[in-house]
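Here's a quick briefing to read with the model open beside you. Take it one topic at a time and look up each part as you go.

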Amino acid sequence: YTFVVTSPLSDRKYTAYSNQEFDILYKFLKSYIISNPSRKIIIKIHYKEKLSKYNDLLKLSKLVSIYKGYLSFQELLISYPKSDIICFHSSAVFSMQNLNLIKNIYCLCDLIKTPSMKTISKAIKEISSDDVIFVK
């Protein structure tokens with residue numbers, strides 16, 4: 001499995017334009033799916049975001065779904081250990097107790113060229129493990 005863990009970056013004014021995080025996720029997932037055509041992708045939307053924000057990602061593949069349940073990301077990760085994670089930043093992803101459950105983390109922070117995201121990316125790089133792939 002691959003989990004996409006979203007963050008309300010536009011709402012927090014961390015992006016260069018509204019919904020930039022969606023555009024980046026769409027482009028990244030398009031290429032990720034080509035490389036991993038049989039991989040199930042579950043989008044775990046941040047609780048402060050609308051479910052509809054990411055509906056167009058469902059058009060990329062029949063294997064892409066949006067999780068609408070009540071479990072936290074941490075609880076899902078326990079059920080699907082050694083999954084890949086795609087995210088910008090998330091304390092749920094980068095907390096030390098979860099890192100051993102994750103196969104690879106594709107961190108998309110560097111794709112947003114704002115001062116806020118540069119600061120976040122730098123902080124993640126200081127604490128990250130070898131399992132974090134910083135997408136450029």
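Two strands count as a pair if DSSP finds at least two bridges between them. Helices (H or I, at least four residues) and strands (E, at least two) are DSSP runs, numbered from the N terminus. With that in hand, look at E1 and E2: they run parallel, joined by 4 bridges.

Before going on, note that this is a predicted model, where local features need pLDDT of at least 70, side-chain atom pairs count only at pLDDT 80 or more, and totals for chains, interfaces and linings use all residues. Residues are numbered from 1 along each chain as its sequence is written, and side-chain values use heavy atoms, with hydrogens and water left out.

**The sheet**

- The model has an open sheet of 6 strands, and the pairing is parallel. Reading across, the order goes E3-E2-E1-E4-E5-E6.
- At the edges sit strand E3 (64–66) and strand E6 (132–134), each pairing on one side only.
- On average, neighbouring strands here are turned by 20° against each other, direction ignored. For angles like this, axes are lines fitted to C-alpha atoms (for helices, over the stretch in contact), and the values run from 0 to 180 degrees between N-to-C directions.
- What holds strands of a sheet together? They pair through backbone hydrogen bonds, either parallel or antiparallel.

**Strand by strand**

- Ser83 faces Ile102 of E5 as its opposite number.
- The parallel strands E5 and E6 are joined by 3 bridges, and Tyr106 has Ile133 in E6 as its bridge partner.

**What's tucked away**

- "Buried" means under 20% relative accessible area, "exposed" means over 50%, and "partly exposed" is in between (1.4 Å probe, protein chains only).
- E5 is largely enclosed by the rest of the structure, because 5 of its 6 residues are buried.
- In a regular strand the side chains alternate between the two faces of the sheet.
- E2 is covered on both faces: Ile41 and Ile43 are buried on one side, and Ile42 and Lys44 are buried on the other.

**A closer look at Asn104**

- You'll find Asn104 in strand E5.
- Which residues does Asn104 contact, leaving aside neighbours within four places in sequence? They are Ser83, Asp84, Ile85, Asp131 and Ile133. Contact means heavy atoms within 4.5 Å.
- The side chains of Asn104 and Asp84 make a polar contact of 3.3 Å. A polar contact is a pair of N or O atoms within 3.5 Å; within protein, one must be able to donate a hydrogen and the other to accept it, and residues adjacent in sequence count only if both atoms are side-chain atoms.

**Helix H1 and Glu21**

- Helix H1 (residues 20–35) packs on the sheet and touches E1, strand E2 (41–44), E3, E4 and strand E5 (102–107). Its direction makes about 155° with that of E4.
- Glu21 belongs to helix H1. Is Glu21 buried or exposed? With a relative accessible area of 0%, Glu21 is buried.
- Glu21 and Ser10 are 11 residues apart along the chain, and their C-alpha atoms are separated by 7.3 Å. Their side chains are joined by a polar contact of 2.6 Å.
- Leaving aside neighbours within four places in sequence, Glu21's contacts include Pro8, Glu49, Tyr54 and Phe88.

**The loop between E1 and H1**

- Lys13 lies in this loop. Its phi is near 65°, a positive value in a residue other than glycine, and Lys13 is exposed, with a relative accessible area of 68%.
- Asn19 is in the loop between E1 and H1 too, with phi near 65°. Asn19 is partly exposed, at a relative accessible area of 33%.
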